[in-house]
Amino acid sequence: MRATLRKYRKIRTESGHILWNNPVLTQGLALPFAIAATTSLKNGVVLSAAMLGALVCSALVYRRFGARFEVWMHPILYSSVNLLVLLGFMRIISGWPAVIDSLGIYLPMVASNTLIMHMASGGLKAEGSALVQSLRIWAGFSFAVCFLSALRELLGAGTLWGIPMGVGIPSLSPMLYPFGGFILVGFVAAGLKGLDRLTLRILSRRGKLKREGGVAGE
Amino acid sequence: MNNLTSFFSVLVTAAIVENVVFARALGTSKLMDRTRETQDVLSTGGALTLMSALATLCNHQVSRIEAVAGMRAHYRALVYLACISVVYMAVCLMLRKFWPGILRRVGGLLSGVAFSGALLGLQIIALNEYSTLFGRLAYAIGGTLGLVVALLMIMFARERLSFSRVPSSFRGLPILLIYIGILSLAIYGLIGHPLAA
């Protein structure tokens, strides 16, 4: 059982940015996207793709030019690079005007947000590849945004990727408003925390019982 | 008198009815984390108001250029971001030249404020919804005031929640988000209709 607990702790550390140390749900970074912009799965996927470009380019620029500029100039450097990335990205998705309109002010905000500024202010560890670290942060962001957007679309509109999911799903249209987003993100964050604690408690208790049983048996 | 009335009307709309935190979730990330004491909230608010006013002046001039005015809204937003970068650079260069000590002390705060979603979001909405400099300035300043009020409310709520008996899974960020959600629901009731993104 100790081995299982150790294995769980290892998985917990390795998948840190996706679940237990998620940049959005645990650290509270890039919350406006998760709360206000995740009203449909399409929005979530587009945001996630835009953030991939922004984070990877920021990480590459950070490693290549970070040391050459004073700290106060870093945000300008990243936002300028991301501005170009986003310009290209908007050209690519220009065939999806409905999604662009639905994202509204949140799409341009990908160029300058707390995830980027977190990296700019030393969020990347000195050891390890900047690219891998930025991809981990992106994976966590994508998981949170796509999961929330799918859940909100399903609960709020009864559809998934615009396809009706049939009867039986209760219509909770308030889920599509920012207040619904706040409350849902709060519950999902609490759920993740609770699940982690419960798993750790169960594994620890089982290990303890087994040890006690072993001692009694002897 | 008429101008003054419309200025205050836009200011109140931006500060209360269309509060950036409760109605658009802007400024909920790092900005919220940065504000654990009243002094932090007020200094953040001061820096944000200054940057917001300067960025509005700059963006207003830029938005009058024909090529920019003819752009689609989402491309125009990127131009506004470039303007914010220019304003931030100008402020930092001025501080470095005349008051280097202040730049060292408030450099982090300035960059956090200038490149926050709240400032960019406010600029985009102000410049898209209002056509006069007066209206845009009123919206930008009103929005900032609304943000400061919201941050103060969140700060006091955080204090009170830390003394409350909350289930362990909900402690910290989750309960704070649910609290903001309930406040946001009240604001939604006040507006009575969905906001444009």
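Of the 218 residues of chain A, 47% count as buried. Buried means under 20% relative accessible area, exposed over 50%, and partly exposed in between, with a 1.4 Å probe and protein chains only. This is a predicted model, in which local features need pLDDT of at least 70, side-chain atom pairs count only at pLDDT 80 or more, and totals for chains, interfaces and linings use all residues. Residues are numbered from 1 along each chain as its sequence is written, chains are lettered from A and ligands numbered from 1 in the order in which they are written, and side-chain values use heavy atoms, with hydrogens and water left out.

**Chain A**

Chain A has eight helices and two strands. Along the sequence they run α-α-α-α-α-α-α-β-β-α. Both kinds of element are DSSP runs numbered from the N terminus: helices are H or I with at least four residues, strands E with at least two.

Take the contacts in chain A between residues at least 6 apart in sequence: 73% of them join residues at least 24 apart. Contact means heavy atoms within 4.5 Å. Chain A exposes about 10,400 Å², and carbon and sulfur atoms supply 66% of that area. Accessible areas come from the Shrake-Rupley method with a 1.4 Å probe; for residues, only the protein chains shown count as cover.

Ser134(A) sits in helix α7 (residues 130-157) of chain A. Its relative accessible area is 1%, so Ser134(A) counts as buried. A polar atom of the Ser134(A) side chain lies 2.8 Å from the backbone oxygen of Leu131(A).

**Where chain B meets chain A**

On chain B, 47 residues are in contact with 47 residues of chain A. The area buried between the two chains is about 3,900 Å², of which carbon and sulfur atoms give 74%. Buried area is the accessible area (1.4 Å probe) that two parts lose on being put together, summed over both.

There is one salt bridge between chain B and chain A. A salt bridge is a side-chain nitrogen of Lys or Arg within 4 Å of a carboxyl oxygen of Asp or Glu. Here Arg96(B) pairs with Glu70(A), the closest N and O atoms being 2.4 Å apart.

α6(B) gives the most to the side of chain B that touches chain A, with 12 residues. That side divides by class as follows.

| Class | Residues on the side of chain B |
|---|---|
| Nonpolar | 30 residues |
| Polar | 12 residues |

Ala, Val, Leu, Ile, Met, Phe, Trp, Tyr, Cys and Pro count as nonpolar, Asp, Glu, Lys and Arg as charged, and the others, Gly among them, as polar.

Key
A polar contact is a pair of N or O atoms within 3.5 Å; within protein, one must be able to donate a hydrogen and the other to accept it, and residues adjacent in sequence count only if both atoms are side-chain atoms.
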